[in-house]
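Good morning, colleagues. Please have the structure open before you.

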Amino acid sequence: MNGEAQLLAAVVPPRGYFPDFLTPSQEGAEPFGLDVGMEALRDTPADRVHAELELLAAGRVRQRADRSVGQRDVGAGRAGAAPPAALVEDRAEPLARLIGALRSYHYAAVEPYWPHIRASVEADRAVRGRALLDGGADGLLATLPPMIRWRSPVLEADYPVDRDLHLDGRGLLLQPSFFCRGTPVVYRDPSLPPVLVYPVTNPGAPDFAEPGPWLGRLVGHTRSAILQAIGNGCTTSELARRAGVSLASASQHASVLREAGLVLTLRHGSSVLHTLTPLGGSLLRGGAPLALP
């Protein structure tokens, strides 16, 4: 794993530019998921891979030079910046080693937490969808995290560098990310489909507490009705109306289901929005899995 970690560190720096090809578009792909993303990555043209890795190497040279200003070893800093393209070129499948490293990393660092990650992303999407229904595009853009500000017709975002992205009639894909922190992310290449990756709303930390006595409370027609009523997301008032129970009862049942890991609750304005976790959705489907996003 040490060699794989070194390879990933070479192409995914802790800050600054990282190659656009590492986040390939899956537009039109069905189903979504890791396998589809890896296939899209494998299909990246070799000339694009090399060009973007050269940009990455050049950026590292500049960073080292900036840190070395006034020092005698600036040249040594430049000499140590080998282009990471050397890690993937001259192979029958140029990206095979990188794809293997990404799969190993996903298995070790992401997969154990995937239900929590996915629930957080789906809850954020539910919040944005509700904002779109309530206030249209203006309402949706106004609810994005505070580092993103909608000042019609311009969407401003805190970003490490000063740049403008013109849509020129193209749509903008808003992608919530559990791993995005501090500032949003866009493609460096303006010719690629416009995507704005932003942090999910208050993802919190996954809860790995041992099952408690609430397991015994997860039976009965009322809670089944509550789970079904939540569907793609609803407020407590809507939940009470759909399930035919009082507001207090809806709140109490949602709380128990949340403790059980079947429901995720996020604040939406003056109310809260309840959404199903993958586990909750699977329970309603009798254990049938749902295609991963």
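Predicted model: local features only at pLDDT ≥ 70, side-chain atom pairs only at ≥ 80, totals over all residues.

How many residues lie between β6 and β7 in the hairpin that they form? There are two, and G269, in the turn, has a positive phi of about 65°.

β6 covers residues 263-268 and β7 covers residues 271-276. The two strands pair in the antiparallel sense, and six bridges connect them. As one example of the pairing, L266 has L273 in β7 as its bridge partner.

I turn now to a pair of helices. Two packed helices are described by the angle between their axes and the distance between the axes. For α7, residues 221-230, and α9, residues 247-259, the angle is about 85° and the axes are 10 Å apart. An angle of 65 to 115 degrees counts as roughly perpendicular, and α7 and α9 are therefore roughly perpendicular to each other.

Which residues make this contact? From α7 come T222, R223, I226 and L227, and they meet A250, Q252, H253, V256 and L257 of α9. Sorted by class, the contact comprises five nonpolar residues, three polar ones and one charged one.

Finally, the chain as a whole. It has 293 residues, of which 35% count as buried, and it contains 10 helices and seven strands. Of the contacts between residues at least 6 apart in sequence, 61% join residues at least 24 apart.

Thank you for your attention.

Technical notes: Residues numbered from 1 in each chain as written. Heavy atoms only, no water. Helix = DSSP H or I, 4+ residues; strand = E, 2+ residues; numbered from the N terminus. Buried < 20%, exposed > 50% of the residue type's maximum accessible area, 1.4 Å probe, protein only. Contact = heavy atoms within 4.5 Å. Pairing = 2+ DSSP bridges. Axes fitted to C-alpha atoms, helices over the stretch in contact; angles between N-to-C directions. Parallel < 35°, antiparallel > 145°, perpendicular 65-115°, else oblique. Nonpolar A, V, L, I, M, F, W, Y, C, P; charged D, E, K, R; others polar.
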